[in-house]
Amino acid sequence: MYLSRLSEELGKQGVKHEVINSIFPKFLPSWLRAILFNFQVCFLKKDKFYFSLDRVTCSDIYRAGDGVHRVYLTTEKKSKTNLLHPVYLFLERRCFNNAKRIIANSNMIKQQIIKTYGIDVNKINVIYNGIKSKEIDYQQSFDKLSKEFPINEDCSLLLYVGSGFKRKGVKEFLEIIAKLKKSNIRAFILGKEKNIKYYQDLAKELNIEHQVFFTGPREDVDDFYTISDIFLFPTHYEPFSNVILEAMSFENAVFTTRQNGASEILDDEFVMNTPQDYSVVQKIDKLLADKKVLKGVKNNNKLKSKQFSIEKNLSETLKVINEVIN
């Protein structure tokens, strides 16, 4: 997603570039493809200037959009027999050490890189993610979705968007929904999940199965953003989730955790200390009870999101590239 946005903007500005993808078939194990891709790009580098989004050992600038894998592993129980993780750690250490400059997409990730690998603070630039602004047509989106889901304009609508439910806090999302006071709340959970039955069963156990809709992946995510009041994302680890910016741009009040680098752009009252920080329940209840205050928060988020355009991201990125080249 980020690569396509960046490439599109580079093209608009007349910056010549080539996107290098792995030439190796997907049926190979992921750990082997990671090693082979590193060989591929480093063997072909010669006098090329590399701006890399992947962990490779020969990048000139590495954008750490996926965060720090060693830190990520502390939040996820991964199989020790999966060779991908030691391979990533091997590549990651050399990537951070060998790159002339590193771009982190949040201060959280910058500090994790410094703390985990001892990288010089002056080698790291923080450049927040950027998005494209879109037009909103509430009535059109509501009319469309109200034909598919049992909602009306008196409902308070909460939204979650993301795949990988465990790390991104769907369990906590459901528990928060269950604790809210208002009876006319409806919640949408968009995204792909292999273990979807666990979360559906949990919704039944919490007695909110009539309030929560598991939609799976959707092409019309923008319509859900448009009609929602509050975007809730109690993730366990996220370098900087674009969904936060997207929700803000569609005039949602937004809550997320301090473990999400995107929390840095929110006022502190909208930041949960942990995914289990259930003090957020009272905050959401209070917002939903006061439509005037809620509207003000939504409008402020819309304005704030305009500060994080893909154009600004590219401008700051090109500045770093020019500094390294020159």
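Colleague: In helix H8, which spans residues 196–205, which residues are called buried, and what makes them count as such?

Modeller: In this predicted model, the buried residues of H8 include Tyr 199, Leu 202 and Ala 203, and the word is used because buried means under 20% relative accessible area. Seen down the axis of H8, the buried residues fall within an arc of 100°, so they line one face of the helix.

Colleague: What is found on the other side of H8, and what covers its buried residues?

Modeller: The other side of H8 carries Lys 197, Lys 204 and Glu 205, which are exposed, a word kept for residues over 50%. The cover over the buried residues of H8 includes helix H7 (170–179) and strand E7 (212–216). After the helix comes Asn 207, with a positive phi near 65°.

Colleague: How do you know that the buried residues of H11 line one face of the helix?

Modeller: Helix H11 covers residues 280–289, and in it Val 280, Val 281, Ile 284, Asp 285, Leu 287 and Leu 288 are buried. Seen down the axis of H11, these buried residues fall within an arc of 165°, and therefore they line one face. The face turned away from that buried side carries the exposed residues Gln 282, Lys 286 and Ala 289.

Colleague: What follows H10, and why is Glu 251 called partly exposed?

Modeller: H10 is followed by Glu 251, whose phi is positive, near 65°, although Glu 251 is not a glycine. Its place is in the loop between helix H10 (242–249) and strand E9 (253–257). The relative accessibility of Glu 251 is 23%, so Glu 251 counts as partly exposed, the term for values between the 20% limit for buried and the 50% limit for exposed.

Colleague: Why does Lys 46 count as exposed, and where is Lys 46 placed?

Modeller: Lys 46 has a relative accessibility of 74%, so it counts as exposed, given that the term requires a value over 50%. Lys 46 sits in the loop between helix H2 (30–43) and strand E1 (51–52), and its phi is near 50°, a positive value in a residue other than glycine.

Colleague: How do you know that Leu 89 counts as buried?

Modeller: Leu 89, found in helix H4 (residues 84–98), has 16% relative accessibility and therefore counts as buried, because the limit for that word is under 20%. Leaving aside its neighbours within four places in sequence, Leu 89 is in contact with His 69, Arg 70, Leu 73 and Tyr 117. Of these, Arg 70 is 19 residues away from Leu 89 in sequence and 6.6 Å away in space, C-alpha to C-alpha.

Colleague: What makes Phe 96 count as buried, and which residues is Phe 96 in contact with?

Modeller: Phe 96 also lies in helix H4, and at 0% relative accessibility Phe 96 counts as buried, again because the term means under 20%. Apart from neighbours within four places in sequence, Phe 96 is in contact with Tyr 62, Ala 64, Gly 67, Ile 102, Ile 113, Tyr 117, Ile 119 and Lys 123. The C-alpha atoms of Phe 96 and Gly 14, which are 82 residues apart along the chain, are separated by 29 Å.

Colleague: Turning to the whole protein chain, why is it called as compact as a globular protein of its length?

Modeller: The secondary structure of the chain comes to 13 helices and 10 strands. Its radius of gyration is 21 Å, close to the 20 Å that the globule rule gives for 326 residues, so the chain is as compact as a globular protein of that length. Buried residues make up 52% of the 326 residues, and among contacts with a separation of 6 or more, 66% are between residues 24 or more positions apart.

Definitions and conventions. Residues are numbered from 1 along each chain as its sequence is written. This is a predicted model: local features need pLDDT of at least 70, side-chain atom pairs count only at pLDDT 80 or more; totals for chains, interfaces and linings use all residues. Side-chain values use heavy atoms; hydrogens and water are left out. Helices (H or I, at least four residues) and strands (E, at least two) are DSSP runs, numbered from the N terminus. The radius of gyration is taken over C-alpha atoms; the globule rule is 2.2 Å times the number of residues to the power 0.38. Buried means under 20% relative accessible area, exposed over 50%, partly exposed in between (1.4 Å probe, protein chains only). Contact means heavy atoms within 4.5 Å. The arc is that of the directions from the helix axis to the C-beta atoms.
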